[in-house]
Amino acid sequence: SREELGCTTEAFVFVYLGRLDVVAKGLDYLVKAFAAVAAQQDAFLVLVGPDLRGGRGFLEALAGRLNCAKRVRFLGPQFGEEKWRALKLADAFISPSRWESFGIAQVEAMGFGVPTLVSTKLNISAQLAEARAALVAALSTESVAAGMRRLMNEAALRRSLSESSRRWAAENCSIET
């Protein structure tokens, strides 16, 4: 729960789900963008997934240097019901990958109705943008931070993304498809 994680009930919670692979997943951009956002607004970043090549230590140190460490939580890998509980914490899902052929975690979040922000480096980003199923940002700290701010400040956008993303996932990512 948010309480167990030390997140205030009023705070906006961003969740990332996947390997803590800084290089491939663009998590350095995510933490830098989050630091800029959290300096101005009440927010938390929850990183869910296994450490890869020291990614967690790198991200912890980066968050410390950027003065946002008290607002970043690491849950480690979560499976089954625990993974779904982690997604239920999210006000928004964020994935600024440097490259991603097809993002399973992104589609899971979208299918769950979590408003989602992805980078243009996700191969399906153009399709998601066209369907208005996800917010798409260029892979830069400034663009990711701007997308995060939009998600925090535009309730209508979050509602629209939630509805469109569920529909897109059902129509394009079903077992039959």
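Q: Is the crossing of α3 and α4 left-handed or right-handed?
A: This is a predicted model, where local features need pLDDT of at least 70, side-chain atom pairs count only at pLDDT 80 or more, and totals for chains, interfaces and linings use all residues. Numbering runs from 1 along each chain as its sequence is written, and side-chain values use heavy atoms, with hydrogens and water left out. Helices here are DSSP runs (H or I, at least four residues; strands are E, at least two), numbered from the N terminus, and a crossing is left-handed if the near helix is turned anticlockwise from the far one by less than a right angle, right-handed if clockwise. For α3 and α4, that comes out right-handed.

Q: How are α3 and α4 oriented to each other?
A: Their axes (lines fitted to C-alpha atoms over the stretch in contact, with angles from 0 to 180 degrees between N-to-C directions) come within 10 Å and cross at roughly 25°. The cut-offs are under 35 degrees for roughly parallel, over 145 for roughly antiparallel, 65 to 115 for roughly perpendicular, and oblique for the rest. So α3 and α4 are roughly parallel.

Q: Which residues of α4 make the contact with α3?
A: Contact means heavy atoms within 4.5 Å. On the α3 side you have L27, D28, V31 and K32. Their partners on α4 are F58, L59, L62 and A63.

Q: How are α3 and α8 oriented to each other?
A: Helix α3 (residues 27-38) also packs on helix α8 (residues 141-153), with the axes 8 Å apart. This crossing is right-handed, at an angle of about 55°. That angle is why the pair counts as oblique.

Q: How many nonpolar residues are in the contact of α3 with α8?
A: Y29, L30, K32, A33, F34, A36 and V37 of α3 meet T141, V144, A145, M148, R149 and M152 of α8. Ala, Val, Leu, Ile, Met, Phe, Trp, Tyr, Cys and Pro count as nonpolar, Asp, Glu, Lys and Arg as charged, and the others, Gly among them, as polar. One residue of this contact is polar and two are charged. The nonpolar count is ten.

Q: Which element gives the most to the lining of the largest pocket?
A: A pocket is an open set of points on a 1 Å grid over the protein atoms alone, where a 1.4 Å probe fits, with protein on both sides within 12 Å along at least five of seven lines; lining residues have an atom within 4 Å of a point. β1 (12-17), β4 (92-95) and α6 (104-111) each supply at least two, and the top contributor, with four residues, is α6.

Q: How much space lies in the second largest pocket?
A: S1, E4, L5, L75, Q78, E82, R85, A86 and L89 line the second largest pocket, with three residues from α5 as the largest share. By class, that's four nonpolar, two polar and three charged. Its volume is about 160 Å³.

How values were computed: Grid points are joined across faces, edges and corners, and a volume is the space filled by probe spheres set on the points.
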